[in-house]
Amino acid sequence: MRDVLDEIAGWYAAGETFGLATVVNTFRSAPRPAGAAMAVSADGEVAGSVSGGCVEGAVYELAQSVMESGEPVVQRYGVSDDDAFAVGLTCGGILDVLVEPVGPATFPQFPEVAAAIGAREPVAVATVVAGPGRIGARRVVWRDRAAGSLAPGEPHEARLNAAVDDDARGMLAQGLTGQRHYGREGERRLDDLAVFVHSFAPPPRLLVFGAIDFAAAVARIGKFLGYHVTVCDARPVFATPKRFPDADEVVVKWPHKYLEEAGGAIDERTAIAVLTHDPKFDVPLLEVALRTRAGYVGAMGSRRTHDDRLARLREAGLTEPELSRLRSPIGLDLGARTPEETAVSIAAELVQLRWGGSGRPLTDTGGRIHAGP
């Protein structure tokens, strides 16, 4: 929904009811992930995509039907690799798509959800997509409150809502979107009821240290990948917004001081790229970085620089397990030379670590291209 938020917010504000299609489950090489959305206005305008073009025509027709009936529907597209061309998913994947009518009457919490997304406040939307109860029943979960119900009027309403609230907050903390299964009354050991939890967590952070030309390229590709990008350097003449127009913020401060102050905001989704390759900057910085919860810590430099850096960090008291977290030299081996090529190699390593890829050419691998169920 995030991708189509601007369009559907306008339709909603005008009092329209529109069709919203959301991918709620994927199998095999599905072209788009769970959470991908496509919206169809009452006038037939389209925003977003659920399959990159494979089944949009069928979803468009279903969205119009749903707007007329007012009843949400979960539709599966794609059945097998052999039949994929006939169905429309030429990749052979399978998508489960929830198509629902959305408007002031059916989704009264939407303005609060949109505001939270705009303010980068974590919020999750949990929707019943299969099992007993009403398909499309919805509950919105924030860190400190919740609204709506997954079983309105039912005796087990409170128990089911409480179970989903707990799971949704856990998924929000990890930035996860996907299905959870429960018994009718919220029992986690049963799978009668399927609930799709769409997490709208703040974007992951990319902290780029060193205001050099390589940093400008890394900031650009980091923004393209959806990171909130910060460039930090102690030298005000180099660390300027004009030199880094793609960064969300440019900070003039000693890198290790900045990271110490940001400690509480560093989580497993944070990536740290140290591009200074100057001991007076990067050693104290890495001493802090390798003791944070950051999911990625990489440092630029030659192998000789790396060896010297490790020796200095050991002298500073870092343990071998802490040092093993360091990705240095930074990036995958692509033969990169220019700042832009180097940025691609760093981005490739970030994607590889996020999804568990091998980093090898796909032509040399077998099995499914995308990991998942």
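Select Y12 to begin: with a relative accessible area of 10%, Y12 is buried (buried means under 20% relative accessible area, exposed over 50%, partly exposed in between, with a 1.4 Å probe and protein chains only). This is a predicted model, in which local features need pLDDT of at least 70, side-chain atom pairs count only at pLDDT 80 or more, and totals for chains, interfaces and linings use all residues. Residues are numbered from 1 along each chain as its sequence is written, and side-chain values use heavy atoms, leaving out hydrogens and water.

The structure holds five aromatic pairs; rings of Phe, Tyr and Trp (its six-membered ring) pair if their centres lie within 6.5 Å, and planes under 30 degrees apart count as stacked, over 60 as edge-to-face and the rest as tilted. F110 is buried, at 2%.

Which ring comes next? Select F107: its centre lies 5.8 Å from that of F110, with planes at 70 degrees, so the pair is edge-to-face. F107 is buried too, at 2% relative accessibility. Show Y12, F107 and F110 together, and you have one aromatic cluster.

Finally, pick R138, whose charged end sits over the ring of F107, 3.9 Å from its centre (NZ of Lys or CZ of Arg within 6 Å of the ring centre and within 35 degrees of the ring normal).
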